[in-house]
Amino acid sequence: MANSNDNNNEVVAEMDGFYRIYKDGRVERYIYQKSNLSTYVPPSLDDPQNNVSSKDVIISPHVSARLYLPKNTTNSTQKLPIIVYYHGGALALGSAFFKSYHNYLNVLVSESNSIAISVEYRLAPEHDVTTIYEDSWTALQWVASHASEKKFTSGNEDLWIKNYGDFSRLSIVGDSAGGNIVYHMTMRAGREGGINEKVTINGSIFVCPYFVVPIENIEESASYKNWIIISSPSEAGLHSPLINPLAENAPSLSQLGCSRMLLCFTEKDEFISKEIGIRFVKGVKKSGWKGDLELIEVEGEGHCFQLANPESEKSQELIKRFAAFIQL
């Protein structure tokens, strides 16, 4: 007769190659064992290669972040663009504190001469997907709250953001699942008239965003299968506006609350077909959204290739495009 330990070790769901979920609720993310880029690394006040300082902060009991600041910043009259960055990982994997994101943000911050806040949010399936969006909004509001002249009463004011942030040039950026989060943050900002009464989103950058829309063979894709595992029963399918911004019951894309958008897709993306990107762009244009929209397609590269090697020629070209967008 099976004992309770045997039952607890029963696998109830698995995303092959990435993670498995056990009957007792444990999640084993064994993909982390396959790459040293998925290891946690500490912040550094001295990154000699990119001349960027970083530190970790606690935003709320459930949300934290890694902040990045160019070391050539000499005084508080020098205001820098602000990047709020959301990491990828299918909404179930990844961390702002991974080596891959630490290295990438150092390069992006150096190239764009910006201050960046890379958000650590809770993950599915331990938490509902909507919790991820709430965590992400909490972080965005915390950043925007630094635009107020009032002193913080909670004690978690950050002087890097307060002294150096240019809130008229705030961009939100995300890759893969982070791109999905960028979509939801931009839509919420549109509904609420900004992040707060003082700050709006200037630009939104979507890099290989985690969208699932009805295209040929989509139900055989890893992105669709993952969504079925991590979503609540009522949202498990292509009908959900959480994963399909073109769904019949999705809010109008005309509500996107930013002035400019940049979308990036790759020719050989094994998870998010570029056709999804093309359909999303058509949907935005059809909606009557009034902002400026730019689409980049990178030939010969796969999903979020720039993270694995941000120093490569094509990664550098892409990062320069992002930097130019962020600096406006």
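**Entry 1: valine 182**

I began with valine 182, which has its place in helix H5 (residues 177-192). Helices here are DSSP runs of H or I with at least four residues, strands are DSSP runs of E with at least two, and both are numbered from the N terminus. The model is predicted, so local features need pLDDT of at least 70 and side-chain atom pairs count only at pLDDT 80 or more, while totals for chains, interfaces and linings use all residues. Residues are numbered from 1 along each chain as its sequence is written, and side-chain values use heavy atoms, with hydrogens and water left out.

Is valine 182 buried or exposed? I found valine 182 buried, at a relative accessible area of 0%. Buried means under 20% relative accessible area, exposed over 50%, and partly exposed in between, with a 1.4 Å probe and protein chains only.

Next I looked up its contacts (heavy atoms within 4.5 Å). Leaving aside residues up to four places away in sequence, valine 182 touches Tyr86, Ile172, Val173, Gly174, Ser204, Ile205 and Phe206.

**Entry 2: the eight-stranded sheet**

I traced an open sheet of eight strands, in the order E4-E5-E7-E6-E8-E9-E10-E11, with mixed pairing. Two strands pair if DSSP finds at least two bridges between them. Which strands form the edges? They are strand E4 (52-60) and strand E11 (292-298), each pairing on one side only. On average, neighbouring strands of this sheet are turned by 20° against each other, direction ignored.

E4 pairs with strand E5 (residues 63-70) in the antiparallel sense, over eight bridges. Serine 60 has valine 63 in E5 as its bridge partner. H5 packs on this sheet, where it touches strand E6 (80-86), strand E8 (165-175), strand E9 (201-207) and strand E10 (258-266). The direction of H5 makes about 135° with that of E8. Such angles run from 0 to 180 degrees between N-to-C directions; axes are lines fitted to C-alpha atoms, for helices over the stretch in contact.

**Entry 3: the cores**

I then asked about nonpolar cores. Each is a set of buried Ala, Val, Leu, Ile, Met, Phe, Trp, Tyr and Cys residues joined through side-chain atoms within 4.5 Å. The largest has 73 residues, and Tyr86, Leu91, Ile117, Leu140 and Ile172 have the most contacts inside it. Helix H3 (residues 129-145) gives the largest share of this core, nine residues. Another core lies apart from it, with 28 residues, among them Tyr85, Ala116, Val298 and Ile326.

What does isoleucine 117 touch, not counting residues up to four places away in sequence? I listed Ala65, Arg66, Leu67, Ile82, Ile83, Val84, Tyr85, Trp142, Val143 and Ile161.

I found an open sheet of three strands, E1-E2-E3, with antiparallel pairing. Its edge strands are strand E1 (11-15) and strand E3 (27-28). Four bridges join E1 to strand E2 (residues 19-22). Valine 11 has tyrosine 22 in E2 as its bridge partner. E1 and E2 form a hairpin with three residues between them, and glycine 17 in the turn has a positive phi of about 90°.

E2 and E3 are joined by two bridges. Arginine 20 stands opposite glutamate 28 in E3. This hairpin has four residues between its strands, and glycine 25 in the turn takes a positive phi of about 95°.

Helix H6 (residues 222-230) lies across E1 and E2 and runs at about 150° to E1. Its buried residues are Ser223, Tyr224, Asn226, Trp227 and Ile230. They cover an arc of only 160° around the axis, so they sit on the same side of H6. The arc is that of the directions from the helix axis to the C-beta atoms. The buried residues of H6 pack against E1, E2 and H3.

**Entry 4: helix H2**

Last, I looked at helix H2 (residues 99-112). H2 is mostly covered, with ten of its 14 residues buried. Among them are Tyr101, His102, Leu105 and Val109. Just after H2, asparagine 113 takes a positive phi of about 50°.
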